[in-house]
Amino acid sequence: MKLYLLITLFFIGFEVCNAQDSLSTSEPVALKKEKKKNGESKDTTTKQINHPKIAASRSAIFPGLGQIYNKKYWKLPLVYGGLGVTGYIFFDNIKTYKEYKFAYAARISAQAPMPDSTGYNQLKNIYKILSPGSIRTARDEFRRYIDYSVLVFLILWGLNVVDASVDAHLKSFDVSPDLSLQIKPGHSDLAKTNGLSLVLKIGK
């Protein structure tokens, strides 16, 4: 069940980009304006490159490739930093878990009717002081930490895919001079007072 959940979360970002295919097939605003300017027919169909899907696919294969495709290089330290720290925690948890697992097995073997002190002699002093029950509790706790670190790693990987897809979609937004946001002083009919107003201009 845990493995199924982790695999599902890993592909969350990739499935999100597939759900956006219908949006990516529409023509960008800048392309429509260019067609209208050149007098081309509205029925003319031109195959568009699915940038969001390409960016998401690359990030799903290897983190950061989608950001490189979108030329958002400043995001690479964030992607690799988050995944790198999570990966380090994952391997550190595995190392600690194995130590507690070996210590617990050695302590149990040393207390058996026919004791085997081979593993017990290899233990660190701290594991000789702790009770077997405490060692077992710590072992189980670090086993859960391993699951959590894997889950966080896959979530960050999925967010990396979603981020690449969203950035690619934003490239088709209209950022022409027809869009503007200005601060103007004057009288507000809505507030019935004088002051500063934010004026959003859309189109001519």
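Okay, let's start with a contact: Asp167 and Lys72 meet through their side chains in a salt bridge, 3.5 Å from N to O. By salt bridge I mean a side-chain nitrogen of Lys or Arg within 4 Å of a carboxyl oxygen of Asp or Glu. This pair joins distant parts of the chain, with Asp167 in helix 10 (residues 132–170) and Lys72 in the loop between helix 6 and helix 7, 95 residues apart.

Quick housekeeping. This is a predicted model, so local features need pLDDT of at least 70 and side-chain atom pairs count only at pLDDT 80 or more, while totals for chains, interfaces and linings use all residues. Residues are numbered from 1 along each chain as its sequence is written, and side-chain values use heavy atoms, with hydrogens and water left out.

For the overall layout, we have 10 helices and two strands. Those are DSSP runs numbered from the N terminus: H or I with at least four residues for helices, E with at least two for strands. Going from the N terminus, the order is α-α-α-α-α-α-α-α-α-α-β-β. There are 204 residues in the protein, and 26% of them are buried. Buried is under 20% relative accessible area, exposed is over 50%, and partly exposed is in between, with a 1.4 Å probe and protein chains only.

Back to the charges. How many salt bridges does the structure hold? Six. Which residues are linked in a network of them? Lys72, Lys75, Asp163 and Asp167. Let's walk through that network. Lys75 pairs with Asp163, and the closest N and O atoms there are 2.8 Å apart. Again distant parts of the chain are linked: Lys75 is in the loop between helix 6 and helix 7, Asp163 is in helix 10, and they sit 88 residues apart. Lys75 also meets Asp167 in a salt bridge, at 2.6 Å from N to O.

Lys75 has a relative accessible area of 11%, so it counts as buried, and Asp167 is buried because its value is 8%. The other two are partly exposed: Lys72 at 27%, and Asp163 at 23%.

One more thing in that loop between helix 6 and helix 7: Lys71 is located there too. Its phi is positive, about 60°, although Lys71 is not a glycine. Lys71 is exposed, with a relative accessible area of 60%.

Now the rings. A search of the whole structure turns up six aromatic pairs. The criterion is that rings of Phe, Tyr and Trp (its six-membered ring) have centres within 6.5 Å; planes under 30 degrees apart are stacked, over 60 edge-to-face, and the rest tilted. One of the pairs is Phe62 with Tyr80, which is tilted, 6.5 Å centre to centre with 55° between the planes. Phe62 is in the loop between helix 5 and helix 6 and Tyr80 is in helix 7 (residues 76–110), so this pair ties together parts that are 18 residues apart in sequence.

Phe91 is exposed, with 58% relative accessible area. Ring pairs also link Tyr100, Tyr127, Phe142 and Tyr145 into a cluster.

Along with Ile61, Leu65, Ile68 and Tyr73, they make a nonpolar patch of about 600 Å². Patch residues have over 30% relative accessible area and no salt bridge; like charges are joined within 9 Å, nonpolar side chains (Val, Leu, Ile, Met, Phe, Trp, Tyr) within 5 Å. The areas are Shrake-Rupley with a 1.4 Å probe, and for residues only the protein chains shown count as cover. Ile68, from helix 6 (residues 65–69), is partly exposed at 35%.

Last stop, helix 5 (residues 51–61). Which of its residues are buried? Pro52, Ala55, Ala56, Ser59 and Ala60. They cover an arc of only 135° around the axis, which puts them on the same side of helix 5. The arc is taken from the directions from the helix axis to the C-beta atoms. That's it from me.
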